Amino acid sequence: MKKKQTQNICLICRRIKLIKHDKNPYFVAALKTGYVVLGDYQFFRGYTLFLYKEHKNELHELPSAFRRQHLWEMSQVAEAVYLAFHPKKLNYELLGNTDTHIHWHIFPRHTNDPLPERSVWNIKREIRNADSARPSETALAQLKNQLKQSLSEVLKKPPTPRQGV
């Protein structure tokens with residue numbers, strides 16, 4: 001019962017429900033293990049999240065083959081973000097302290113980044129989440145299109161053979 005209550009109030013579960021009802025404007029694509037969405041705020045142009053499809057709190061809770069698939073897909077999403085938005089560096093984060101549902105933050109760090117050698121969280125929330133960082137409908141459509149095109153290209157590539165692992 002407690003797990004069901006957690007899912008009812010989980011922000012990520014609510015966002016996934018919107019995706020399933022075609023009401024999440026930030027939705028980009030569905031993969032086998034997760035959903036690709038753009039962040040509500042685009043202070044970091046191309047900021048993307050990869051949401052695990054089910055409510056799980058920790059990677060070790062996933063069956064090993066599915067965990068490998070999820071990590072592989074997350075890396076494909078990151079590659080697509082890199083190709084679409086041409087950052088200087090990508091930051092990847094799986095935290096879960098606030099929203100426990102497994103979800104990856106993929107932050108493109110660009111040359112105009114105000115704190116390029118620090119964590120994104122060092123930039124004040126009021127700046128990262130300012131109204132000016134929220135994309136217009138037109139800008140959101142362009143960002144989604146760029147990411148969809150890059151993701152499509154990345155997903156066409158065959159996986160590279162495992163070497164020495």
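Predicted model: local features only at pLDDT ≥ 70, side-chain atom pairs only at ≥ 80, totals over all residues.
Reader: Why give both an angle and a distance?

Author: Two packed helices are described by the angle between their axes together with the distance between those axes.

Reader: What is the hand of the crossing of H3 and H5?

Author: The crossing is right-handed.

Reader: Which residues of H3 and H5 meet?

Author: On the H3 side they are Gln76, Val77, Glu79, Ala80, Val81, Leu83, Ala84 and Phe85. On the H5 side they are Leu143, Gln146, Leu147, Ser150, Leu151, Val154 and Leu155. By class, the residues of this contact comprise 11 nonpolar, three polar and one charged.

Reader: Why is Ser150 called buried?

Author: Buried means under 20% relative accessible area. Ser150 has 11%, so Ser150 counts as buried. Ser150 sits in helix H5, and, apart from neighbours within four places in sequence, is in contact with Ala80, Leu83 and Ala84.

Reader: Is Tyr92 buried, partly exposed or exposed?

Author: Tyr92, a residue of strand S4, has a relative accessibility of 42%.

Reader: What does Tyr92 touch, leaving aside its neighbours within four places in sequence?

Author: Tyr92 is in contact with Met74, Ala78 and His105. His105 is 13 residues from Tyr92 along the chain, yet their C-alpha atoms are separated by 5.7 Å.

Reader: How do you know that strand S2 is largely enclosed by the rest of the structure?

Author: Strand S2 spans residues 34–38, and five of its five residues are buried, so S2 is largely enclosed. Both faces are covered. Gly34, Val36 and Leu38 are buried on one side, and Tyr35 and Val37 are buried on the other.

Reader: What makes S1 and S2 a pair?

Author: Two strands pair if there are at least two bridges between them. Strand S1 (residues 27–30) and S2 have three bridges, in the antiparallel sense, so the pair passes that cut-off. In one of these positions, Phe27 stands opposite Val37 in S2. S1 and S2 form a hairpin, with three residues between them.

Reader: How many bridges join S2 to S3?

Author: Five bridges join S2 to strand S3 (residues 48–52), and the two run antiparallel. With at least two needed, S2 and S3 therefore count as paired. Tyr35 has Leu51 as its bridge partner in S3, and Gly34 stands opposite Tyr52 in S3.

Reader: What holds paired strands together in general?

Author: Strands of a sheet pair through backbone hydrogen bonds, in either a parallel or an antiparallel way.

Reader: What is the order of the strands in the open sheet?

Author: The five strands follow the order S1-S2-S3-S5-S4, with antiparallel pairing. S1 and strand S4 (89–93) are the edge strands, each pairing on one side only. Neighbouring strands of this sheet are turned by 20 degrees against each other on average, direction ignored.

Reader: Which strands does H5 lie across?

Author: H5 lies across S1, S2 and S3, and runs at about 140 degrees to S2.

Terms used
Residues numbered from 1 in each chain as written. Heavy atoms only, no water. Left-handed = near helix turned anticlockwise from the far one by under 90°. Helix = DSSP H or I, 4+ residues; strand = E, 2+ residues; numbered from the N terminus. Contact = heavy atoms within 4.5 Å. Nonpolar A, V, L, I, M, F, W, Y, C, P; charged D, E, K, R; others polar. Buried < 20%, exposed > 50% of the residue type's maximum accessible area, 1.4 Å probe, protein only. Axes fitted to C-alpha atoms, helices over the stretch in contact; angles between N-to-C directions.
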